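Here is a colleague's note to read alongside the model. Please keep the sequence and the structure open while you go through the points.

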Amino acid sequence: MPLLDRNGAREDGWTRSEGAAVGNIPAVIVPWDSLADALAQQGDGRNIGVLIPNSLAISALAPFLPRLALVAIGFPAYSDGRGFSLARQLRRAGFAGELRASGPLIPDQFAYALACGFDTIELPQANAERQPLEQWLRARDSYSLTYQRGYGTPDRNILDRRRAARAAAAPGPR
Amino acid sequence: MYRYDEFDERFVRERVAQFADQVARRLDGSLSEDEFKPLRLKNGVYLQLHAYMLRIAVPYGTLNARQLRQLALIGERYDRGYGHFTTRTNLQFNWPKLRDIPAILGLLADVEMHCIQTSGNCIRNVTADHFAGVARDEIEDPRPTAELIRQWSSGHPEFSYLPRKFKIAVTGAQEDRAVTRAHDIGLRLRRHPDTQETCYEVSVGGGLGRTPMIGKVVRDYLPKKDLLAYLEAILRVYNLEGRRDNKYKARVKILVHEIGAEEFARRVEAEFARLDGPSINADPEEVARIAAYFAPPAYETLPAVSNTLEAARAANPAFARWVEVNTTAHKVPGYTAVTISLKPAGQAPGDATSAQMRTVADLAERYSLDELRVTHAQNLVLPHVRLRDLPAIWRTLGEAGLAEANIGLVTDIISCPGLDYCALATARSIPIAQAIQQRFADAQRQREIGPLGIKISGCINACGHHHVGHIGILGLEKRGIESYQITLGGDAGENAAIGEILGPGLAAEEVPAAIERIVAVYLAERLEAESFIDAVRRLGLAPFKAAFQEVPRAAA
């Protein structure tokens, strides 16, 4: 399935497994139900990732995080926004691997997904064909600045920019 | 009033451009209708019964003259010369064309206005007490909080695809004029008894619709500095755990009801405890920056009594009645707040023509320090009026058909647009309101009845707030015929309550007579100076039910 990151289209180095079988595949994504089995047979130098449903509680996934190189959160529909909150909680829990949104998202959610901590978006083929890459990139850049602190870099945050302007205007120490 | 800085301005302009791009992608087929719908809703564009409807945000009900004139211009140029003020203090145009909407958005941006998040499953336009900054019972002005929330909720990356819509209201007064307990989150500014610091009482899970609920307090005293982090915690719990299997059970009130307010509060507190407040909250300088825009305007030092006003009252009983009914005591001596009724007999509640908007804009500029408010009861307020200017204001309003003296009285009816406009409605609302207004048109009789809030909704979604009407009227459809259910004892204020059903549904033409019977019971039974709602609370439903059963029915 087509894959995007913040810079555009990207090759997918991961293979999907239907079950726990990981064999000699260097990087494999297994379903949540098979994660424990897959980790039990993990070979040296092999990366394991998991696809989780967006109804999963972060507390259930937390014990596995240190051994995971990728977490893909399923988006059953673009209108189901649970994945955005789950991504925030995963990042807060210290997960530093690849965070992937998997499902029929729309370009208007690209910037939101990146702000919530996702690295990549994995789209169904038909969606990617109907909504070409250039629409995603344009939607990504719809807003040059946003209001919410803690969702991305301070230089793109309005409150932080106002704070910086105040600091610059105030007489500083000599 | 708040004024945009360069960042606010840019954000709104970028929203206009984004919407134009979304429309283009819908037209070329990139976006399916299903995908486009929430995008247009989040910009206030509905597809109604006859046409598109555009809902314009009036954040916490605050407008200046220039903004109201721009709304008048839009109404004239792109609609049918009028607009409709709603129970969420927004303005709706019922007849714009889709192709004109980007141009309308541009005109709105020119006057620091927008349609952002006036619909859709996101955090909606925030509302506040319409007498903010003016009321004598105010502890602290709620508008700086409301503006902070407006900014924080605009284009929120995490909370734009919630299970359902999410409404926040703020009040800083003792009397709850913002109906905070009927909101997903209600914030009430109050002083901590020990420290005297102003804090928020936070209630969650209020809402009307088909399952009316009064909000439950989850935090008694939230320090002001923690507001945004606490809101983030509430919204995250809701976003993750709110029901998505059934649209009618998706509001946060259902989650709060199903797991209990204590458990909900526990989950919120657990999430809140994990948040790094300083990285989320607005810093004190930012809060102060916003608050400075709401500093009291430059009032004159005036005597508490105006001889001009007193002479005019003595000379003109109609004027005196209007002053008594339509003005509210002001913090500052010599000033008053004037409520302009958009409920003259026989008109759609909340409608104003472009000419009327211009008249009111002129009055605001000349007599109210260029400020206006929209109330959730669908009226307008001139918040800073010198007492001596009341006669001139009343004359001008009279010439514009806006001098109805009925604020808070039986003809000051809240009504949704109903089946005349709305695609969701099951029955008409506006004609019912008009029939009741005609029935009680006599001004003397209205005054004798005193404060009485009638609220009408044309379907169970309850946009007309019928559940919290002293008398509520709900229009349903039974076997192809409109049927109106009457409830009694609802209250939108600090004693928030949901009304109870009086009996079987009525035909449209039977409704005025039924209201008449209910009022007759009150008049016969009331104690000295006892208001309608107080009498209902004391008497209970029984005497009203008995009278209701005697309403003559057209058909059994």
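1. Helices, in the sense used here, are DSSP runs of at least four residues, and strands are DSSP runs of at least two, both numbered from the N terminus. With that in mind, and remembering that this is a predicted model, consider residues 410-550 of chain B, a span that is 34% helix and 17% strand, with end C-alpha atoms lying 21 Å apart. Residues 119-273 of chain B are 30% helix and 18% strand, and in that span the end C-alpha atoms are 31 Å apart.

2. How many disulfides does a search of the whole structure find? The search over all chains gives 0 disulfides. One cysteine to look at is B:Cys122, whose sulfur has its closest cysteine sulfur in B:Cys115, and because these two atoms are 13 Å apart, they are too far from each other for a bond. B:Cys122 counts as buried, having 1% relative accessibility, and B:Cys199 is likewise counted as buried, at 2% relative accessibility.

3. Side chains of opposite charge can pair when their charged atoms come close. Over all chains, the count comes to 69 salt bridges. One of them joins A:Asp80 to A:Arg82, with an N to O distance of 2.8 Å. Are these two partners buried or exposed? A:Asp80 is buried, since its relative accessible area is 8%, and A:Arg82 is buried too, with a relative accessible area of 17%.

4. Another salt bridge in chain A is formed by A:Arg149 and A:Asp160, whose closest N and O atoms are 3.0 Å apart. The partners are 11 residues apart, with A:Arg149 in the loop between helix H6 (133-140) and helix H7 (158-169), and A:Asp160 in helix H7 itself. Both are buried: A:Arg149 has 9% relative accessibility, while A:Asp160 has a relative accessible area of 15%.

5. In chain B, the side chains of B:Asp362 and B:Arg69 meet in a salt bridge, at 2.8 Å from N to O. This pair links distant parts of the chain, 293 residues apart, because B:Asp362 belongs to helix H13 (residues 354-367) and B:Arg69 to helix H3 (residues 65-78). B:Asp362 counts as partly exposed at 41% relative accessibility, and B:Arg69 is also partly exposed, with a relative accessible area of 24%.

6. Finally, salt bridges that share partners join several residues of chain A into one network, which includes A:Asp5, A:Arg10, A:Asp12, A:Arg16, A:Glu98, A:Arg100 and A:Glu122.

Note on methods
Residues are numbered from 1 along each chain as its sequence is written. Chains are lettered from A and ligands numbered from 1 in the order in which they are written. This is a predicted model: local features need pLDDT of at least 70, side-chain atom pairs count only at pLDDT 80 or more; totals for chains, interfaces and linings use all residues. Side-chain values use heavy atoms; hydrogens and water are left out. A disulfide is a pair of cysteine sulfur atoms within 2.5 Å. Buried means under 20% relative accessible area, exposed over 50%, partly exposed in between (1.4 Å probe, protein chains only). A salt bridge is a side-chain nitrogen of Lys or Arg within 4 Å of a carboxyl oxygen of Asp or Glu.
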